[in-house]
Amino acid sequence: MKIKILFYVIGLFLMGLGVTLTIKAELGAGAWDALNVGLSNAIGLTVGSWVIIIGILLMFLNAFIVKGKPKLLALITILLIGFSVDFWLVVVMRNIEFELLHHQLLSLLGGIVFIAIGVSMYLQTDFPANPIDQLMISLHERFHLNFMVGKTIGEVCALILAFFMQGPIGAGTILITFLIGPFIQLINVPIARRYEMLIKR
């Protein structure tokens, strides 16, 4: 149980760090994050608050896709991710700016890697998935799509919404949209092996 909790909490905070790095890169945030930033700029509230609000809406959408009941325990995951994003974005990296292009590129790529690692880590546990990742899983269960395709579909849909909310969309957004799925697919294998080794000890 300790290993599960560690993978769950560390994974979610690594996701928050990854999200923050992609936003701070200012080359275009991930589709969902661009949507949350756009909503924050247009309406108010923190980016983390919009992570929570959008997450709750997706929780019900996922239930509709699989023709089941909303996974209410996912609220714990939603709240932790929202807190994590605000912790990194508002507290830790509030005054950090990347002005040089190569620093921005490193921030963007680092963010993608941290998001993929974080997602892969916490999905190893039996705890409720982030509704964005649950959307990937729901599409997999309902339509038998692999994780890469399911994740990409979700990202493209969010990208369209982010465009209408005037979120920070750029070249980085396109890279994140099409790289995050393959990165998760790639990183998931070694992390799953490591998790199983630790569980069996």
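**Close-up views of a predicted model**

**View 1. Helices H1 and H4 meet through residues from both partners.** On the H1 side, the contact is made by Tyr-8, Leu-12, Phe-13, Met-15, Gly-16, Leu-17, Val-19, Thr-20, Ile-23 and Lys-24. Facing them in H4 are Ile-76, Thr-77, Leu-80, Ile-81, Phe-83, Ser-84, Val-85, Phe-87, Trp-88 and Leu-89.

**View 2. H1 (residues 2–24) crosses H4 (residues 74–92).** Two packed helices are described by the angle and the distance between their axes. Here the axes come within 8 Å and cross at roughly 45°, which makes H1 oblique to H4. The crossing of H1 past H4 is right-handed.

**View 3. Helix H6 packs against several other helices through its buried residues.** Those buried residues are Pro-131, Ile-132, Asp-133, Gln-134, Leu-135, Met-136, Ile-137, Ser-138 and Leu-139. Their packing partners are H1, H2 (31–43), H3 (47–65), H4, H5 (101–123) and H7 (147–164). With 13 residues at 1.5 Å each, H6 should span 18 Å, and the 17 Å between its end C-alpha atoms agrees with that. Just after H6, look for His-144, which takes a positive phi of about 60°.

**View 4. Leu-135 sits in helix H6 (residues 131–143).** Its relative accessible area is 8%, so Leu-135 counts as buried. Beyond its neighbours within four places in sequence, Leu-135 contacts Trp-32, Asn-62, Ile-65 and Gly-154. Met-59 lies 76 residues from Leu-135 in sequence, with 8.4 Å between their C-alpha atoms.

Conventions: Residues numbered from 1 in each chain as written. Predicted model: local features only at pLDDT ≥ 70, side-chain atom pairs only at ≥ 80, totals over all residues. Heavy atoms only, no water. Helix = DSSP H or I, 4+ residues; strand = E, 2+ residues; numbered from the N terminus. Buried < 20%, exposed > 50% of the residue type's maximum accessible area, 1.4 Å probe, protein only. Contact = heavy atoms within 4.5 Å. Axes fitted to C-alpha atoms, helices over the stretch in contact; angles between N-to-C directions. Parallel < 35°, antiparallel > 145°, perpendicular 65-115°, else oblique. Left-handed = near helix turned anticlockwise from the far one by under 90°. Expected span 1.5 Å × (residues − 1).
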